[in-house]
Amino acid sequence: MKKALLLAAGLLLAVTLPGCGDVSRPPAEKQTVSAAEEAVPAQHEATLVTYLPDEEGLRVEPHTMKVTAKEKTLKNALFQLIQLDRAQTYPLLPTGLTVKSVDVKDGTAVIDLSKEIRKLSVGSTGETLFVAMFVNTATEFPNVKEVRFLCEGQPLSKLGGHYDMTQAFKRDESMIRMEKK
Amino acid sequence: MKKLLLFLTALLTLFLLPMAAGSASAAEVTALRTAARTDGNPPFVRTVLDLSSSVKAVASLNKSRDTLKVSLKNSTPAGDAAGTYRVNRQNVDTVSLKKDGGDALLTVKLKNPVAMDDIKVFALKANGSLPQRLVVDVPSVSTVKAQSSSGVKGSSSSVPAASASDKKVLKGKVICLDPGHGGSDVGAIGTLNGQSVYEKDITLAISLPLRDMLRNAGAQVIMTRSTDKDVARAYAGDAEELQTRCDVANKADADIFLSIHIDSFSNANVDGTTAYYYPKSGRDLLLAQTLHQSMMVNMAIPDRGVRSNDLYVNVHTAMPSVLMEMGFISNAHRLNMLTSSWGPKRIAESMYQGIIDYFKQID
């Protein structure tokens, strides 16, 4: 992390140098940033992990973002998942899809999706990825062991035609492509 | 009609390159090369002849449409260009060049008939270090539809006679074929020339010739559907529809279950075939590997592997089962192939071979 920050500072220096005679300023800025980071107590920070499809549609990949502790909720994780997917080059999820509600009871998260999910036009690749995105993201939360899907409050009985979408889905690590170090 | 067909068969194309002024001596064919190409529809084998000067060429296809002859008038093979070149690329067996009186004769031998419209003969002008060339493109797959082959009686006559060894392998075998989706469930949707193409139609176009080939070789084939319909009922939930398909195979006590699908993804560049299985018996993986291997050997479709997961039909059938995804409807190149006259049949042939290979391994 420190190395990355130093590199970033170096880059900033290189970019600003031609137009700026004051070479001592960028390192000073870097110090300010570090000080600010250290000033935030660690226990107020949290990471949110979401799982997005790779470009080949073979697996999902973890995406980690820093949030404040109070933002680390399952509903926010699913909200971020949809936003991040829609911002990808090849979004899988339909436009306008939202999570209407999410309820965790006895280890089962019940995710109620908006009607736009019915526009998901997929082969088994897309349907498998859809399940892997939501189930792996939700089971990042220790209290979630499995996931059920609803659509507008009703069981999601029809989707791509390859799975029983009304079943409870468990985490599938084989669909996750681990980040390279 | 018959007369016209005969005429067309005999003379494919008359082809003329501008004669070089004052050139009376014979043109030389200085080199011959072939290359298998998969970037055309259908895929083809290209033969290129290097020429010392322009020639007049006449191409003809014989009556059984499995031998193409291209006569290069007032030409002669030079150097080591003459000879027989073993191509053995799918449908194309050999290409040969020889002296034929005052002409040079190029002969392309095919294993199965092709349509005249799918053969291309054209000239390329000298360009930089490249000499004048004559190019002959021949499909590397059979492109003749069932109804146009001679002596057709009934739809199954397009199926080649099964070998005795195939009949022995398939004797007494019960095979359940499941063309994915159907009726109210169109499956994944592709777009070709502004028109929607449905997965349900392609899966049926692959399954029907596969059924005929297997039956022709003596297997008992059970179809979950053989027309465009829902198997359970229109607008049933996915689980109800899929369970009804499993019930068909389970009640028939089939030896294997093969569900045929076409894939789709938001990235249109993605293409490839996947064999899905669920490890419920010792033979699900073997069946998946064997069918996958046959696709890899016989088809030019990218590989997405053999994968284990819990797709409904693989979990709820009582026998070894595989769900095959035969390329992506969202990929333009693949969609061209899947909607062509030859594509679905070629996939059916590779599945047929895979099924034979599977039963050979377990018996």
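Biologist: What makes strands β3 and β4 of chain A a pair?

Modeller: Two strands pair if DSSP finds at least two bridges between them. Strand β3 (residues 99-105) and strand β4 (residues 108-113) of chain A share six bridges in the antiparallel sense, so they pass. One bridge puts Lys105(A) with its partner Thr108(A) in β4(A). The two strands form a hairpin with two residues between them, and Asp106(A) in the turn has a positive phi of about 50°.

Biologist: How do you know what to trust here, and how do you number things?

Modeller: This is a predicted model: local features need pLDDT of at least 70, side-chain atom pairs count only at pLDDT 80 or more, and totals for chains, interfaces and linings use all residues. Residues are numbered from 1 along each chain as its sequence is written, while chains are lettered from A and ligands numbered from 1 in the order in which they are written.

Biologist: How do you know which elements chain A has, and in what order they run?

Modeller: Helices (H or I, at least four residues) and strands (E, at least two) are DSSP runs, numbered from the N terminus. Chain A has four helices and seven strands. Read from the N terminus, the order is α-α-β-β-α-β-β-α-β-β-β.

Biologist: What makes a residue of chain A count as buried, and what share are buried?

Modeller: A residue is buried if 20 or more other C-beta atoms lie within 10 Å of its own, exposed if 12 or fewer, and partly exposed in between, with C-beta atoms placed from the backbone. In chain A, 28% of the 181 residues are buried.

Biologist: How are α3(A) and α4(A) oriented to each other, and how do you know?

Modeller: The axes of α3 (residues 74-86) and α4 (residues 124-138) of chain A come within 10 Å and cross at roughly 150°. Axes are lines fitted to C-alpha atoms, for helices over the stretch in contact, and angles run from 0 to 180 degrees between N-to-C directions. Under 35 degrees is roughly parallel, over 145 roughly antiparallel, 65 to 115 roughly perpendicular, the rest oblique. The angle therefore makes α3(A) roughly antiparallel to α4(A). The crossing is right-handed; that is, the near helix is turned clockwise from the far one by less than a right angle.

Biologist: Which residues of α3(A) and α4(A) meet, and what makes that a contact?

Modeller: Residues are in contact if their C-beta atoms, placed from the backbone, lie within 7 Å. Leu74(A), Ala77(A), Leu78(A) and Leu81(A) in α3(A) meet Met133(A), Phe134(A), Thr137(A) and Ala138(A) in α4(A). By class, that is seven nonpolar, one polar and no charged residues. Ala, Val, Leu, Ile, Met, Phe, Trp, Tyr, Cys and Pro count as nonpolar, Asp, Glu, Lys and Arg as charged, and the others, Gly among them, as polar.

Biologist: Which strands of chain B does α4(A) lie across?

Modeller: α4(A) lies across β16, β17 (273-277) and β19 of chain B, at about 85° to β16(B).

Biologist: How many residues of chain B are in contact with chain A?

Modeller: On chain B, 23 residues touch 23 residues of chain A. Elements giving two or more residues to this side of chain B are α4 (238-251), β16 (256-263) and β19 (321-328) of chain B. β16(B) gives the most, with three residues. By class, the side has 10 nonpolar, eight polar and five charged residues.

Biologist: What makes β15 and β18 of chain B edge strands?

Modeller: Their sheet is open, with six strands in the order β15-β12-β16-β19-β17-β18 (chain B) and mixed pairing. β15 (220-223) and β18 (303-308) of chain B each pair on one side only. Neighbouring strands are turned by 20° against each other on average, direction ignored. Inside the sheet, five bridges join β12 (residues 174-179) of chain B to β16(B), running parallel. Pro179(B) has Ile260(B) as its bridge partner in β16(B).

Biologist: Which side chains along β9(B) are buried?

Modeller: In β9 (residues 103-110) of chain B, Ala104(B), Leu106(B), Val108(B) and Leu110(B) point to one face and are buried. β9(B) pairs antiparallel with β5 (residues 67-72) of chain B over six bridges. With β8 (residues 92-100) of chain B, β9(B) pairs antiparallel over eight bridges.

Terms used
Contact = placed C-beta atoms within 7 Å.
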